[in-house]
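Open the model in your viewer and follow the stops below. Each one says what to select and what is there.

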Amino acid sequence: MKQNDLILQTVTKVAAFVILLFAVAIFLGGHYSPGGGFVGGLMTSAAIVLLLLAFDIKTVTGILPIDYKLMIGSGLFISSLTVAGGLFFGVPLMTHVYQYVDLPLLGHISLHTAVLFDLGVYLVVVGVTMTIIQTIGESE
Amino acid sequence: MNNLTFMPVLWPLFTGILLIFFAKKIKLQRGISLFSSLIGIVISFYLVITVHNQGILTLGVGSWDAPFGIVIVADMLSSLLVLTTNIIGFAILLYSFYSIGEERERHYYYPVFQFLLIGVNGAFLTGDLFNLFVFFEVMLMASYVLLVLGGTKIQLRESLKYIIVNVLSSSFFVIMVAYLYSVVGTLNMADISQRISEVNQPGIISVIAIGFLIVFGLKGAIFPLFQWLPGSYYAPPIPVMALFGALLTKVGIYSIFRTYTLMFYHDQDFTHTFLAILAILTIIIGVIGAIAYWDVKKIIIYNIIIAVGVILFGISVMNEQALSGSILYIIHDMLIKAALFLLVGIMIKISGSDDLRDMGGLIKQYPAVAWTFFIAAISLAGIPPFSGFAGKLLILQGAAEKGAYLGMAVILISSLMVLYSVMKIFMNGFWGTPKADYALTNGKVNKMLVPAVLLVIISVLFGVGTESVYPYITQAVDSLMNPEIYNKAVLKE
Amino acid sequence: MELLMAIVIGILFMCATYLMLSKSILRIIIGTGLLSHGAHLLILTMGGLKGGSVPLLSDEAATYVDPLPQALILTAIVISFGVTSFLLVLAYRTYQELGTDDMEEMRGTETNE
């Protein structure tokens, strides 16, 4: 099936990056404003799905040679490691720790362990969504 | 604060994650799962001992204290059930090595197995109503995957039904949680219990109690809500079936245990009588199914429904004896149902059919299988000194004390019928003349027999040694009969 | 406002029930989706629809909103997202394997009466 989707492809080349960047922004901003790992992950997978729509599965796996199932595993691992952190410090599991630091360039910001947990969530969401889409897409 | 409380959940989580990375290396996966299951048993055993010595353990997750954060609570009932779960998980895992097939092993069978254990252990340990819902969902998601893994036609069809029924009941769960939250304004079980006892359970709470009965009844397969069970449990391969039969329905029953002794115990004339009627009807329906079928799997599946009825009847009587009877019986039933499913699996493997009319004379070639099945069968029926006896006796004593003679009669008659249904398997399957030459390599059958024998031995020890287990059961019943103990331990007042 | 929400929730439940009683798998899945939407809306309503300011972050406000129902809904949404996507994949596989999306036609294709 040969289609003329030049416009879609050209737009995708730009739009995919914008969406990805926005996804990262939403992911990082999630602690104080609406957003977080779940939404960020969904947006990232939306960008990849857009790539899939514009090009075919082969091209996209060429660009992003990622085993999404391992991605789920790593996401779960990061999250549960954050959860288990309490074991090593003698506090209840999932205890949230944060610290205000002054970084060059970025200025006065706060670092949270919640971000690590959210990173895991982000990876799991991207992994799960892409696994589902690939499972359905491949069999066609 | 004690992080040990959450270890039975965290440990399988890490195992499951690790297994995802070794999905293609089957030998390694088996090794890791087996090792982790052994450690799991040790952890939960340690938990039981600690709870026995120190009383109820709690953990305010994320340093948020009850009632504001989620609390994980290990009282005696939860920790005993967690221990049983881990033992059964170990036995079924061992059995899976020889029967589940490489295809399934390569498609994430072992990781999902661990995730199922997370859900079950978590549901037993949580002290928060919404968190219970979350662990239910973890368990259900894992069970969906296990049910559909392999993708045969019957599995696909039954999974669809099973999932739709469970999605419905999950929505119902959320709805009931919403109603309860709007009435009492909290989700911590201990806090709910306290607030309900302050207002002495008005009508609206009783309505919500029945709503929760519907939710948990759908998972636990009580009378009008059990129709999905015989079909869905029939579809998957034997190890998965054993896992479901031994664990999943029991999580539903545990939740009824918890809610009906901790929160909704003020209007027993209404809620507990309702529960008693449903329990009796459940037993009757189960008995009819168990004696009607000639299919070995179906017979054992209907026996699950009978056991659900017996345990629920014990809860509905709600006095000290009946509750300790129910606890003994739920542990006995988990062990013995798993063993029976595994044994039935071996029978099907040998004879190549699940219809009793095609079997016969297996005892000649496989005496060990036959006698293990015999012991399991009479334990199930509750013949002394085996494990089913003490539980049933205590439930009956409790019922007699309360004057619930109808229920007593039904349970006694059901015991006879249970005995008939399993003896039917024994006589038609093992006795008589062999219908064919069951030439299977004996070594494999012996290997498959090991976990079943293990479970039967544990259940026999449990039956013979009921006296020495009894202090633990009394401790569990104490916190069920006196919710103040539980509330005090959780809310630390 | 509560009355309006109650009516909306009722309509959602009604549509969900109607869809779930039909034969096509896809309609049933949409039905379960609507059912969980209704349930989420119910949590929101049951938690109280009072206008207030953000809890913890703002100091000088007359009333605060209850943050718990929103946390519950978020969790429930994620769970129903997972279940629905699993159900969709399963329905697709079933359609491939059995060649039908009609629950009625799926019945009794094997020895299991």
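For charges, Lys and Arg count as positive and Asp and Glu as negative, while His and the chain ends are not counted. The place of a charge is NZ of Lys, CZ of Arg, CG of Asp or CD of Glu.

This is a predicted model, in which local features need pLDDT of at least 70, side-chain atom pairs count only at pLDDT 80 or more, and totals for chains, interfaces and linings use all residues. Residues are numbered from 1 along each chain as its sequence is written, chains are lettered from A and ligands numbered from 1 in the order in which they are written, and side-chain values use heavy atoms, without hydrogens and water.

**Select chain B.** The mean positions of its 27 positive and 24 negative charges lie 14 Å apart. Its C-alpha trace spans about 70 × 55 × 45 Å along the principal axes. Of its 493 residues, 68% are buried (under 20% relative accessible area, 1.4 Å probe, protein chains only).

**Go to Ser415(B).** It sits in helix H18, residues 405–430 of chain B. Helices here are DSSP runs of H or I, at least four residues, numbered from the N terminus. Ser415(B) counts as buried because its relative accessibility is 13%. Now show its partners. Beyond its neighbours within four places in sequence, Ser415(B) is in contact with Ala381(B) and Lys392(B) (contact means heavy atoms within 4.5 Å).

Key
Buried means under 20% relative accessible area, exposed over 50%, partly exposed in between (1.4 Å probe, protein chains only). Helices (H or I, at least four residues) and strands (E, at least two) are DSSP runs, numbered from the N terminus.
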